[in-house]
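Before reading the notes that follow, please take a moment to look over the sequence and the model.

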There are 2 protein chains.
Amino acid sequence: MIKEYIKENQDRILEELFSLIRIPSVSAQPDKHGADMVRCAERWKELLLMAGVDRAEVMPTDGNPVVYGEKIVDPAARTVLIYGHYDVMPAEPFELWKTEPFEPVIKDGRLWARGADDDKGQSFIQAKAFEYIVKNNLLKHNIKFILEGEEEIGSPSLEAFCKKHKELLKCDVILVSDTSMIAKDIPSLTVGLRGLAYWQIEVTGPNHDLHSGHFGGAVANPINVLCKLITDVTDKDGKIQFPGFYDDVEEVSPEERAMVAQIPFDEAAYKNSLDVDELFGEKGYSTIEHTGFRPSFDVCGIWGGYQGEGAKTVIPSKAYAKLSCRLVPHQDHAKIGQMVVDYFQRVAPKTVKVKVESMHGGQGYVCPIDLPAYKAAERGFEKAFGKRPIAARRGGSIPIIATFEEVLGVKTVLMGFGLESNLIHSPNENIQLDMYWKSIEAVINFHLEYDKL
Amino acid sequence: MIKEYIKENQDRILEELFSLIRIPSVSAQPDKHGADMVRCAERWKELLLMAGVDRAEVMPTDGNPVVYGEKIVDPAARTVLIYGHYDVMPAEPFELWKTEPFEPVIKDGRLWARGADDDKGQSFIQAKAFEYIVKNNLLKHNIKFILEGEEEIGSPSLEAFCKKHKELLKCDVILVSDTSMIAKDIPSLTVGLRGLAYWQIEVTGPNHDLHSGHFGGAVANPINVLCKLITDVTDKDGKIQFPGFYDDVEEVSPEERAMVAQIPFDEAAYKNSLDVDELFGEKGYSTIEHTGFRPSFDVCGIWGGYQGEGAKTVIPSKAYAKLSCRLVPHQDHAKIGQMVVDYFQRVAPKTVKVKVESMHGGQGYVCPIDLPAYKAAERGFEKAFGKRPIAARRGGSIPIIATFEEVLGVKTVLMGFGLESNLIHSPNENIQLDMYWKSIEAVINFHLEYDKL
């Protein structure tokens, strides 16, 4: 019956999802896409009403608006709050897309577009599972929706929104589809998330670009200096060198490490899919451990000097980089944020001026696997995918999850359906349609099972 | 009489120079400016004819055309070949210009525009000094002009052109205005030039941009790797670490070093003009030595990953940099070019793929100070500036000077009038007009004095 419903409605479901994708709601580019954020929120409101909520509202925050919707069947019943985000990552570099990023295309059994997975596609799974439950009069608990427009820039306004609207958001558990499974044939539920800290660094050398012949060898080049500052952050064993960086890192128990070692992982296939000959990570840990519960340091962007055609001989005045750390439970992003700002100020040579700005950040999170909602999610997965899902810590960050726990006092179950091949945050983001229909089925079963527990 | 002539004609001279500057002849951007190169060459031909050459021609090469002109007063007399270039550096970053780069503006006693100095402004000094000598019937030696359109990209076509047109270019000495003086009140003649080697490096990590949460800590980030490759090139004492790099470096004699130590140099003013608190250079050498006769390594540009507004959490697939070395006499740019390509291939970690392309290069040059033309230049400077110029090695490169010596068998006298404050290769390039008129006077006197020697 669930399968038939999905089959009969799949064209309409896709058209509705397309209407969200076509709005380029890139939160990192407010100058360009400020108006798109509001349009996308308004569209979500319409779609929630169409799916069956009693009421829906676009609510203001200090930043992009939040979409709220609810279906209250019984004030005394339990409530599931469904969280998602309608903002997407920038689509740059555009030239690497095989299709237009904001014009959805169905090809090879996949839907291709920015947001096809993260998180328009995934959060819409929740909306359509809800629709089924409502239309078939199966809903026995209350459901609330909250969709924010700033997840990809670190949810700067949502904490204040949650504090202000604690009563409205009251719930027993939060359900989120914004994570991925280990593999298509290895369903998994994410029980740990890494935190995030992010900085922009600006290195200023001379006060104007210099002729590299007249000055080369006598004046520090800010690009060379920036490269050294970055290089010194990591040693040859992949250990991060900010003093105190590992102080609060949770050392995972031998039991959990033994369990992690059981997760099927094909290193050859992993390297092959990335086209790299060798992996690189912190010495003493496996690849799954590297991304699951060890912190990391990455340069997300770097620029300075001449980047055009041909050869320009110049010592630039400035060089920039965007730096990020994934953090693990107990590492506080604000503490690490300041630690890194202080570190660069301390180690910067006197030949240049260094400015470091701490941008957004978020805490890590761990979900207990004995939660009723976790068990409901487990059964939902099993019914749709035919396999009990593995409990896995994953490398991504959803900073707001830790904030929900702190402000609303509830745990979150991460029922995500992404795959590595979905290329989220990259050109050619996509989602497999056969997986998409199974995912809706899994969430429908979550709701049915949750009422039994 | 010279001063009056210049005064009476200065508005016309500037208008003529403006007509060259207004053509954006950026050789590094052929897609955008290919047609401008030809237009600029044609305009030079007209200006040479107006200045008094018997004939002028725009001549094809494998790249941008060469402008040739000549005034033969007596086939048995000596010949001075005047070399210059009509191409300019890219004007990027445009946003740092206070005026339009290709629309000359006179303000605060200076002419502001790309090419105001390098080399449209400077080479036009030669044309206008020639005009004076011709109009006043003072010319007793032959004068030839050759203006190329590829100097800023390493003169790739000029060597073949010189070989093909050896007879046409036959001369006793070459005169070039494309260098700078130590300071406005310290006239100097450049007697040494550094060579140049230039590379572009591409580091490829994973075959597509990755989510830094899902992969961070497990996969080598090509920006981090590129930064390390760059950092490892220089040690803490500023020594360049390519094995064999210093093998052919000319060790300058204690006598010359003693002479260099006499050159007035105000380090505080130098640092102040650049707004840097400390200089950085190879240990054991002074600042003038760093730029005059020691090789250097600079990153001229770097880019990779997200460079836009806000924070994008990504491990990019690729990172790039443009690298350059200034070389000193006896270092062969082709040998160094290959040495560096081999080096990076050898040291690149297996976690990434590294491609290094050797771009243009040029050899260093030394001019003997007992050359008659050198002495004529010395006297020309003295008459116009009231001071005997210092013989100085400078850090810049004019690769073709070494090629002239090799192919045409003649030495070059570098009678340049630039100043550090002219900001060549940078935004807000400019030239001081009072200096400009004195420079024309100096070159007129060069021709008059040359006939006496």
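By the rule used here, six cavities of 30 Å³ or more are counted in this predicted model, where a cavity is a set of points, on a 1 Å grid over the protein atoms alone, at which a 1.4 Å probe fits but cannot get out. Grid points are joined across faces, edges and corners, and a volume is the space filled by probe spheres set on the points. Rolling a probe the size of a water molecule over the atoms shows where empty space is left. This is a predicted model in which local features need pLDDT of at least 70 and side-chain atom pairs count only at pLDDT 80 or more, while totals for chains, interfaces and linings use all residues, and side-chain values use heavy atoms, with hydrogens and water left out. Residues are numbered from 1 along each chain as its sequence is written, and chains are lettered from A and ligands numbered from 1 in the order in which they are written.

**Cavities**

- The largest cavity has a volume of about 330 Å³, and among the 32 residues that line it, D118(A), I424(A), H425(A), H211(B) and H214(B) lie nearest its centre; a lining residue has an atom within 4 Å of a point.
- Sorted by class, the lining of the largest cavity holds nine nonpolar, 14 polar and nine charged residues, with Ala, Val, Leu, Ile, Met, Phe, Trp, Tyr, Cys and Pro counted as nonpolar, Asp, Glu, Lys and Arg as charged, and the others, Gly among them, as polar.
- The second largest cavity has a volume of about 210 Å³, and of its 24 lining residues, H211(A), E151(B), E152(B), S397(B) and H425(B) are nearest its centre.
- In the lining of the second largest cavity there are six nonpolar, twelve polar and six charged residues.

**The largest pocket**

- The largest pocket has a volume of about 830 Å³, a pocket being an open set with protein on both sides within 12 Å along at least five of seven lines.
- Of the 31 residues lining the largest pocket, P93(A), E95(A), L96(A), P427(A) and D209(B) are the closest to its centre.
- The lining of the largest pocket divides into ten nonpolar, twelve polar and nine charged residues.

**Backbone details**

- The peptide bond from E92(A) to P93(A) is cis, with omega near -5°, and P93(A) is placed in the loop between β3 (79–85) and β4 (105–107) of chain A.
- In chain B, a cis peptide bond joins E92(B) and P93(B), with omega about -5°, and P93(B) is found in the loop between β3 (79–85) and β4 (105–107) of that chain.
- L423(A), in the loop between β17 (412–414) and β18 (430–432) of chain A, has a phi near 55°, a positive value in a residue other than glycine.

**Around K383(B)**

- K383(B) lies in helix α11 (residues 372–385) of chain B, and its C-alpha atom is separated by 9.3 Å from that of K438(B), 55 residues apart along the chain.
- Leaving aside neighbours within four places in sequence, K383(B) is in contact (heavy atoms within 4.5 Å) with E441(B), N445(B) and E449(B).

**Two copies and confidence**

- Chain A can be laid on chain B with an RMSD of 0.1 Å by a turn of 180° and a shift of 0.0 Å along the axis, with copies superposed by least squares on the C-alpha atoms of residues with pLDDT of at least 70 in both.
- That is the relation of a two-fold axis, and the same surface serves both copies, as 100% of the contact residues of chain A recur in chain B.
- Chain A averages a pLDDT (the predictor's confidence in each residue, from 0 to 100) of 95, and 100% of its residues score at least 70.
- For the complex, the predictor gives an ipTM of 0.75 and a pTM of 0.75.

Notes
Helix = DSSP H or I, 4+ residues; strand = E, 2+ residues; numbered from the N terminus.
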